[in-house]
Amino acid sequence: MTATATSARSDLSELGRSETALRTFLHGLPGVDQVGAEQRAAQLGTRSIKTTAKAQAIDLAIRMVDLTTLEGADTPGKVRALAAKALRPDPADLSCPHVGAVCVYPAMVPYVAEVLRGSKVHLASVATAFPSGQAPLEVKLADTRAAVEAGADEIDMVINRGAFLAGRYQEVYDEIVATKAACGDAHLKVILETGELATYDNVRRASWLAMLAGGDFIKTSTGKVPVAATPPVTLVMLEAVRDFRAATGRQVGVKPAGGIRTTKDAIKYLVMVNETVGPDWLDPDWFRFGASSLLNDLLMQRTKLTTGVYAGPDYFTLD
Amino acid sequence: MFEYAPAPESRSVVDLKPTYGLFIDGKFVDPSDGGSFKSVNPATEEVLAEIAEAGSGDVDRAVRAARRAYEKVWGPMPGRDRAKYLYRIARIIQERSRELAVLESLDNGKPIKESRDVDLPLVAAHFFYYAGWADKLPYAGFGPNPAPVGVAAQVIPWNFPLLMLAWKIAPALAGGNTVVLKPAETTPLTALLFAEICQQADLPPGVVNIVTGAGETGRTLVEHPGVDKVAFTGSTEVGRAIARSVAGTRKKLTLELGGKAANIVFDDAPVDQAVEGIVNGIFFNQGHVCCAGSRLLVQESVADRVLEALKRRMAQLRLGDPLDKNTDIGAINSAAQLARIKELSDAGSAEGAERWSPPCELPDRGFWFAPTIFTGVTQAHRIAREEIFGPVLSVLTFRTPAEAVEKANNTPYGLSAGIWTDKGSRILWMADRLRAGVVWANTFNKFDPTSPFGGYKESGYGREGGRHGLEAYLNV
Amino acid sequence: MSERVAVRKTYKLYIGGKFPRSESGRSYLVQDANVSLASRKDARDAVVAARAAVKGWAGATAYNRGQILYRVAEMLEGRREQFVALGVPGDEVDAAIDRWVWYAGWSDKLAQVYGGANPVAGPYFNLSAPEPTGVVAVVAPERPALLGLVSVIAPAIVSGNTVVVAASPAEPLAAITLAEVLATSDLPGGVVNLLTGRISETAPTLAAHMDVNAVDLTGVGDAELAVELEVKAAENLKRVLRPAPAEHDWFADPGVTRMTALLETKTVWHPKGT
C-alpha cells in the first residue's frame, strides 16, 4: 500500500537511480495473499459468457493473439505460413479479424516481414538471448537491434531472473532500460517468466520493476518453462498495471503467454481484464495472448456460433 | 465495452407443486386446521407455492412422531446404521444438487452461483461429516457413553435455508436424536424437498419432521413440553424470547444469533485480497449473513486508498436475476427485510454518515437494494451498532491495533471478526483479544463442516460444526 | 491472672481483593457471628471488580493460573484446622483441598483437550481454542458450605473467568474464611468476589446485570427464583448453568462440564500460501 500511497501522478523516475530506492519501493508494495488471489481468479473464471457476449469475446480474442512459433526447427517456410494465417485466420470467412501479431525468433523476422508488409498485423520478435537471458548484455542488445532492423516492431525481452531473485534489482532495471533504448520505436514487452519467480509477491515486484524501467507491456512467460501463464499470475499483473497507471498516468499492456489453448480459457482472461482493469485494456494494443493452438480453437468456436454446428479440426489450417 | 449476455440457469430442473403439506411421521399431511401461506420468489414477487401452516395440533403430532421414532427406532439403532442413512442423504443431496440450488435461489433470491458453489457443496459436506461421527461418538471427547438428548426442536432462518437445515439436522441425527424442524416462512421449499430426500433415503418415519409456518408455529414448537432440546438460528430478539421460554425446564438450548462483525484492515494488508474480503464479507448473500463483516474498520493512514479500491470493485458487482449465472447480488429476501434495510440506511443518512452506491439499476419488480457503503460512521451511529442484515457496510477508521480491538469489541454481539495484515504476530495478538467466535485472518466468510461456528455474548451460545457441534445433541 | 480476652473476627465481604463491609451497613446474625448482609449495590460493585480483573486473569498464562490455584490448595492445607474449628468436617476440608489441586492441573490442559486443529477442506490453517466467557455470577450450594463453594469457584476461574459468588446464607463463615485464603494465595484481586447475605437480594441483581456473561444457578434451591433468574439472564443471553439436583454428591468426581460450560470456543482461520 505504501508504494501507491502517494498522490496520483507521482514521479517515480528517480527510483531507478539507486538500488536502495528500488528495493525500498518494491518491498513496500502491498503483499499478495496467494489463496485470496487464486480464489479471486477462480471466481472470475466462473462467469458464464454466452451468445452475443461470446461472439464479441471470440473476435476480440482473435485480434489479441500473438500467433507464436519459437522452435529450433522453425524455417522460413513455416513462419511464412504462420504469417499468412495471421492475416487471414479463417480463409472461408472473410469477416474473421486478423490476429494482433506474429511472434518469432529474430532470425525468422525477415521472412515474416515480407508477408506482413502493409498489413496491420504487428511483428514481434523475442530477443535478449531468449529464453534464458543468460548472455552478456552487449549480446542481448545486439540481438534486439538486429530484430528491430529486420522489421520487428515489437520486442519480447526476458528479464534476468537470476539477478532478480538474488535481489539485484538495479541490474535488472538497467538491462530493461538499455533494451528499451535499443528498441528505438519498437514496443518493448518485458517477459517476467513468472513460473520462475515462485511467488505472487515477486510477480508484483517484477511487474513494477519492468514498468518503472520503461516496458510497454509486461508478459508472463517464455513458454519454455513448465509453468507458464496462469489466471492468478495474470490477475496480479493486471492489478499492477492498474495501480501503475493510477500512480503515474502511463498505461502498460499485459500479455499472458503459454498454456492458453481454449476459447474458454481466453474468455476467462477477458473477463478478468474487464473486471480488474476495465474496458481501457480490452484492446489488442493493451492486452495480448501469446499462443499458437489457441487460434484454431477460437476459430472453431466462432464457426459454431455462426453456423450453429460444432466444427472439427480438419476444417482449420494447421500452420 | 464487454457486456455479458444473460446466462440464466434453467428452472426446468425444479418440479414445483402448487401446494405443500407438512412432513410428519414420514408422510406429507394436511394441517389439521387447514391454514396456509404463500411462498414467493423475492426477485419477481411471483407466488411459488401454497404452504401448509402448522397449528399447535400439528406441532404436537410432529413431536409425538419424533418421540416415537426416537424411542422405537432411531435411539436404539446402532450408530453404524444411522451413519449409513446420513451418508445416503449426503449422496442424494449431491445427486440432486442442481435442483436444490435452483429451488433455493428461486425461493430465497440468492444468486445461483452462491447456492450452486457455496450452499449446496457445504450442505452435502455437512451430512458427510456428521455421518462419520454417528458410530464414533464415544471417541468425541464427551465421555465413554454419550447419550442422545431426545427430541430436538429446531427453528432456522431464511438466509441459508438448506444449509441451516443441514447444520441442525446432521449433528442431531448423528447423535441419535430425532427432530422437528421449522423452516422460515419465506423459504420453506428446500426443506420440503429435503423431506422428499428423506423418503427417498428410506429414513425411518418420524426421525425428521418438517413443520412449516411463521413465528407462532416456531413458538409452539420450542415451547412444546415434549421436546428435550431447542436449537435456534435467527435474530437476537427471538433468541432472547426462546431463552426465557425454556427457563425452568430441562431443555437443552443452543442459539446462533445476530452479529455486527468488524472487518479490520491494517496499512500493511494485502490490499487487493482485503478488498475482495470486504466485498465478500458484506455483499455475499446480499449481506443476509449473521457473521457478515458489516463494520469495516480501516486504519486511517490507508482509509482513502482502501475506499477508492473498494468503490472501484463495487462498481463491478452485478445485481439482478438470481438465476443468472453472472449475478453477484440477488434479491432481498422479503418486503419486510427490505423495509428494515431501508429504515436503517435512512437512519445512517439522517445521522450524518455519507452514503455511496455504485451506479446500479434495480429491477422493477421484486425486492432489491443496491450495494451501499456509509463512510464517516462513528460508533455512536445506529448503523454501526444495529444489525442491518443487508448489503450495507459501515466504514469506521482507527489508528492503532489497540484502538481497533476496542472498537471491534464495543458491541453486544460477538460472532465473527476479520483481520487483514501481513504481520503474523499482529494477527495472533488481535485474534487473542477479539471477543468473537470466529476470527478470519486474511480471509472472510469461510465455512467448513469441521470448523466450529458460533458466538460470544449476545450472538448466542453453543457451537455448530466440528466435534464441538456434537455437544449440543448429546447429554454430556 | 485474668483470662485473656479473645479478639473476635469481623466477617466481611470480599470485593476486588479487599474486605469491605456492606455499603448498606447491614449485617445478619448467623453461626454466632454478625455477617455482612450484601446489598444490590454491593453486588454491582462486585461485578465492576470482577470485570476489571478479567483482562489480567484471562490474559495470564495458563501455567500461572495453575500455579495460583495450586497455591490456594497449599494455603488451604495450612488453614485446615481453622475450617474444622468452624464446623467443617475434616474430610470435607480434605476434599476441598484436593479439588483445588485437581482443577489447578486443568489450566494448561483445557485448550489441548477442548481445542485443536480442524481439517477444513481448503488451504487454511484452522484452529479452535477455548476461552473464558468473562464474568460469571455464581450462587454457591447451600451445603456443603466449603466443598460446594470450592467446587463452583475453581472450575469457573481456572480457565480465566472471574466470579461473583453468593455464598451459602446459612453457613457463610467457611466462605469468608476461604476468601482470606484466596487473598493470601497470589490470586489477583477481583478474580473471586464474595457476597454474603440473602440470595433473593443479590442473585436477581447479578442475573439481570448486563455486564455479566454467565450465571451458575447451582445453589438456587427455590425453583421459582431459579426460573426468575434464568429469565433475567436471557436479557443479554447469559450462559446459564441450571440448579443442581438436591441429591448431588459433591464428593464425587466433578467431571469437566462445569469448566466447559463457562468456555467459549474461538476458531481462527488463516490461508496457507507463499
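This is a predicted model: local features need pLDDT of at least 70, side-chain atom pairs count only at pLDDT 80 or more; totals for chains, interfaces and linings use all residues.
Strand β18 (residues 438-441) of chain B pairs with β10(C) in the parallel sense, over 3 bridges. Within this pairing, B:V438 has C:T267 of β10(C) as its bridge partner.

The contact as a whole takes 33 residues from chain B and 28 residues from chain C. On the side of chain C that touches chain B, the elements giving two or more residues are β4 (124-132), α9 (223-233) and β10 (263-271) of chain C. Of these, β10(C) supplies the largest share, with 8 residues. By residue class, the side of chain C that touches chain B divides into 14 nonpolar, 9 polar and 5 charged residues.

Chain C also meets chain A, where 5 residues of chain A are in contact with 5 residues of chain C. The side of chain A that touches chain C consists of 1 nonpolar, 3 polar and 1 charged residue.

Turning to chain C itself, its secondary structure comes to 10 helices and 10 strands. The radius of gyration of chain C is 19 Å, close to the 19 Å that the globule rule gives for 274 residues, so chain C is as compact as a globular protein of that length. Taken along the principal axes, the C-alpha atoms of this chain fill a box of roughly 85 × 40 × 35 Å. Buried residues account for 53% of the 274 residues in chain C. Among contacts in chain C between residues at least 6 apart in sequence, 77% join residues at least 24 apart.

In chain B, an unreviewed UniProt entry carries the annotation "domain: Aldehyde dehydrogenase" over residues 29-476. Over that range the chain is 40% helix and 17% strand, and the end C-alpha atoms lie 36 Å apart. One of the helices of chain B, α9 (residues 271-283), has 13 residues and reaches 18 Å from its first C-alpha to its last, close to the 18 Å expected at 1.5 Å a residue. Helix α9(B) is mostly covered, with 13 of its 13 residues buried. Just after α9(B), B:N285 takes a positive phi of about 55 degrees.

Terms used. Residues are numbered from 1 along each chain as its sequence is written. Chains are lettered from A and ligands numbered from 1 in the order in which they are written. Two residues are in contact if their C-beta atoms, placed from the backbone, lie within 7 Å. Ala, Val, Leu, Ile, Met, Phe, Trp, Tyr, Cys and Pro count as nonpolar, Asp, Glu, Lys and Arg as charged, and the others, Gly among them, as polar. Helices (H or I, at least four residues) and strands (E, at least two) are DSSP runs, numbered from the N terminus. The radius of gyration is taken over C-alpha atoms; the globule rule is 2.2 Å times the number of residues to the power 0.38. A residue is buried if 20 or more other C-beta atoms lie within 10 Å of its own, exposed if 12 or fewer, and partly exposed in between; C-beta atoms are placed from the backbone. UniProt positions are given in the numbering used here, feature names are shortened, and annotations may be inferred rather than shown by experiment. The expected span of a helix is 1.5 Å times one less than its number of residues. Two strands pair if DSSP finds at least two bridges between them.
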